[in-house]
Amino acid sequence: MSCTQKVRGRFEATRAAVREAREHQRHYAANKTRLKAEWRAARRAGELPENPGPPPSGFTLLPWLLLGMGAFSNLFKDQTPNPWIGALGLLTFNSLYIYVAFRAFRRQTREARSTRVALALLAVVTCALAAGYGGNWLLFFPLLGLATGAALRLSYLRPAGTAVAVLAGAVSCFHDGWGGLDIAYATWISTMVTAAIMRLSEAVRELRAAREELARRAVEKERLRFSRDLHDLLGHTMSVIVVKSEAARRLAARDLDAALDQITDIESVGRQALTEIREAVTGYRQGSLDTELDRAHSALTAAGIELTVTRSGPPLGPQTEALLGWVVREAVTNVVRHSTAQRCEITLSGGAERARLSVADDGAGAVGDGGVGVVGPGGSGARGGTGLTGLTERLAAAGGSLTAGPRARGGFAVSAELPLDVDAPDAHPAVAERA
């Protein structure tokens with residue numbers, strides 16, 4: 001192979017390597033740009049928390065050790081008597097300072113006895129070095145103040161910081177006269193400023209943790225709300241559809257028009273259920289007591305159960321009506337699915353401060369798996385189901401209560417009690433009855 005061919009081969013290999021390197025660089029730049037764009041979009045959408053940066057640690061206090069470089073250089077300039085003692089003292093000071101600094105960022109280690117002992121030994125070594133050598137060695141007092149401010153909190157900080165500043169002033173004035181007060185002032189400032197920064201850093205971490213906890217609880221609360229709404233909505237709707245489907249099947253052979261009416265009702269219930277599910281997903285659903293009573297009348301009539309509704313008392317506010325509407329929905333669903341009743345009575349009464357709702361039937365009072373159960377005033381009872389348990393939690397959050405269980409003369413009863421809304425509109429007459 002000639003020299004020209006060798007040179008050409010090496011040149012081609014170099015060009016190929018350069019092309020490959022440029023290709024890698026283009027891919028890296030494209031990926032970096034794409035990741036930055038996705039990160040900014042996520043930040044704008046609120047999907048990413050603010051970048052908290054690296055967690056604080058003792059490394060943030062280590063650069064201040066550069067204040068001791070003057071004393072370190074004196075060891076090699078024959079300006080320090082007994083340099084081996086000075087070097088040993090410098091090594092001891094740095095070791096104790098690093099130990100205290102790294103243990104100052106966690107409460108358990110900061111308040112440990114070993115940390116307090118190390119801080120006391122650091123004060124002794126600082127006084128010994130500063131009193132023995134003076135000059136640049138006096139700058140270890142501000143470092144001692146910095147370690148004191150990092151390691152102590154609250155009631156211990158002020159007396160300890162004052163004592164360190166007074167000690168620094170006394171030793172410094174012994175060497176430099178009144179000019180040593182500058183060292184005392186620097187020691188006091190380093191102690192208090194470090195303590196303030198450390199406390200502020202802890203407050204920021206606590207606030208960030210509290211914000212994350214609040215966000216987690218908000219997600220859990222919304223998830224619970226959605227699961228309750230979905231259970232109550234679908235449980236009632238499916239029960240009504242099943243009852244009306246059975247009625248349509250029975251009527252189809254002898255009365256086709258009546259069967260078609262039931263099928264039309266099934267279509268209407270299904271469409272209304274879709275609307276309510278969308279509203280539940282977005283969180284804007286607000287129940288209506290009149291609407292739930294109409295649906296209860298339709299569902300119970302289709303199931304062959306006679307319904308009597310009695311209302312009395314002052315008008316109710318929207319929040320009270322919405323909650324009582326949930327109670328009617330759940331209780332009627334249980335009557336249709338489990339009671340084998342012939343009659344059902346819904347009684348709504350109100351006093352000056354509280355409204356009471358009762359849904360009672362004359363059936364067997366059986367407890368099924370669809371959410372019915374015996375729930376006591378505190379929300380507990382034997383065989384409590386998901387539906388009544390959720391209702392108990394809803395009413396308890398609004399200052400109300402729910403009780404459910406068999407009646408003494410047969411059947412099953414669900415009773416709810418709620419405070420009246422203050423701004424209740426005049427939505428209903430004082431006394432009304434429907435059968």
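How many of the 22 residues of helix H11 are buried? In this predicted model, H11 is mostly covered, with 19 of its 22 residues buried. Just after H11, Thr-340 takes a positive phi of about 50°.

A positive phi also occurs at Asn-82, where the value is near 50° in a residue other than glycine. Asn-82 is placed in the loop between helix H2 (69-74) and helix H3 (83-103). Most residues other than glycine have a negative phi.

Across the protein chain there are 12 helices and 6 strands, and buried residues make up 37% of its 435 residues. Among contacts between residues at least 6 apart in sequence, 69% join residues at least 24 apart. The chain exposes about 25,100 Å², of which carbon and sulfur atoms supply 60%.

Helix H5 (residues 113-133) packs against helix H6 (residues 140-151) at an angle of about 170°, with the two axes 10 Å apart; because angles over 145 degrees count as roughly antiparallel, H5 is roughly antiparallel to H6. The residues that make the contact include Leu-119, Leu-122, Ala-123 and Cys-127 of H5, together with Phe-140, Phe-141, Leu-144 and Ala-147 of H6. By class, the residues of this contact divide into 11 nonpolar, 3 polar and 1 charged.

Notes
Residues numbered from 1 in each chain as written. Predicted model: local features only at pLDDT ≥ 70, side-chain atom pairs only at ≥ 80, totals over all residues. Heavy atoms only, no water. Helix = DSSP H or I, 4+ residues; strand = E, 2+ residues; numbered from the N terminus. Buried < 20%, exposed > 50% of the residue type's maximum accessible area, 1.4 Å probe, protein only. Contact = heavy atoms within 4.5 Å. Areas by Shrake-Rupley, 256 points an atom, 1.4 Å probe, with all protein chains shown as cover. Axes fitted to C-alpha atoms, helices over the stretch in contact; angles between N-to-C directions. Parallel < 35°, antiparallel > 145°, perpendicular 65-115°, else oblique. Nonpolar A, V, L, I, M, F, W, Y, C, P; charged D, E, K, R; others polar.
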